[in-house]
Amino acid sequence: MGTHQKENQMSEDVLKRLADDARDKNKTITVTFFRHNQKNDKGKTYIWNLHHQFKTFEQMRLKLASDIHGPTGPVQRIYDLAGTKLTSLDEVVDHGIYICCGGDAFSAAGIPHAANPDAAAASQSPAEAQAPHHEEDASEGRVIDKEEIEKMKEEDIQQQKTKTCFFYPAEGQGVKTDKGVSIIINPTRYRTVDQVIAEVRGKVRLVTGVIQVLYDIEGHKLGAVAELKDQGRYICSIQKPFSKSMVPSAALA
């Protein structure tokens, strides 16, 4: 093979690898996290488009820290079943099972039974193996079936779709308008509510201050980009509790 052929082959290999990496990073994955040293923990399963959901590994850890609290506090470190500490989003794989530690050090003995059932069964005494199984309270984590996983994946796909939303200044806080300002929301671009608010501020002006909060017309405060609905109508307000009088008639038409 000539020099040019080798170079072309190498270029094709690089491009293919880059394309495969990009496809993998756009894939929705199912991952389950367990609390360390909680033998009966059933784990918490997430359906994530990982690299769209989080920009960094630290962002994922903070999300888990807000959701999962072990006996030694919120999540500080995350390990796979082999005891390898995770440090990058690229180490999180589809159908992966991971152990969350707070202030405690990881040990194989601290892996919950449900996270590694084969090892748990091997270590059980005959009496333990025959003992009835008790489900843990749903607030402590739960096991989800295949049908629910597929439903969650479909919901995640829907959340990633581009949406057209309409934003109105709250009554008495801005210039009256016969129609809302339409903004196309792409979840891959707007990852947080603060980013959406920053975009809205450039197009909707309040005379009483700066937009700090978004409400739907029912009064629900927007807490996540995923809560935005296609063709949804939202009220822009300063930091003020919602009241029905804030909804302009144009938003109800």
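How much accessible surface does the protein chain have, and what share of that surface belongs to carbon and sulfur atoms? In this predicted model, the accessible surface of the protein chain comes to about 15,100 Å², and carbon and sulfur atoms account for 52% of that area. Of the 253 residues in the chain, 35% are buried.

The secondary structure of the protein chain consists of eight helices together with ten strands.

Aromatic side chains were then examined, and a search covering the whole structure returned eight aromatic pairs. One of these is formed by Phe-33 and Tyr-46, whose rings are arranged edge-to-face, with a centre-to-centre distance of 5.9 Å and an angle of 70 degrees between the planes. This pair links distant parts of the chain, given that Phe-33 belongs to strand β1 (residues 29-35) whereas Tyr-46 belongs to strand β2 (residues 44-48), the two residues being 13 residues apart.

Both partners of the pair can also be described by their solvent accessibility. Phe-33 has a relative accessibility of 1% and therefore counts as buried, while Tyr-46, with a relative accessible area of 7%, is likewise buried, because the cut-off for this class is under 20% relative accessible area.

Technical notes. Residues numbered from 1 in each chain as written. Predicted model: local features only at pLDDT ≥ 70, side-chain atom pairs only at ≥ 80, totals over all residues. Heavy atoms only, no water. Phe/Tyr/Trp six-rings, centres within 6.5 Å; stacked < 30°, edge-to-face > 60°. Helix = DSSP H or I, 4+ residues; strand = E, 2+ residues; numbered from the N terminus. Buried < 20%, exposed > 50% of the residue type's maximum accessible area, 1.4 Å probe, protein only. Areas by Shrake-Rupley, 256 points an atom, 1.4 Å probe, with all protein chains shown as cover.
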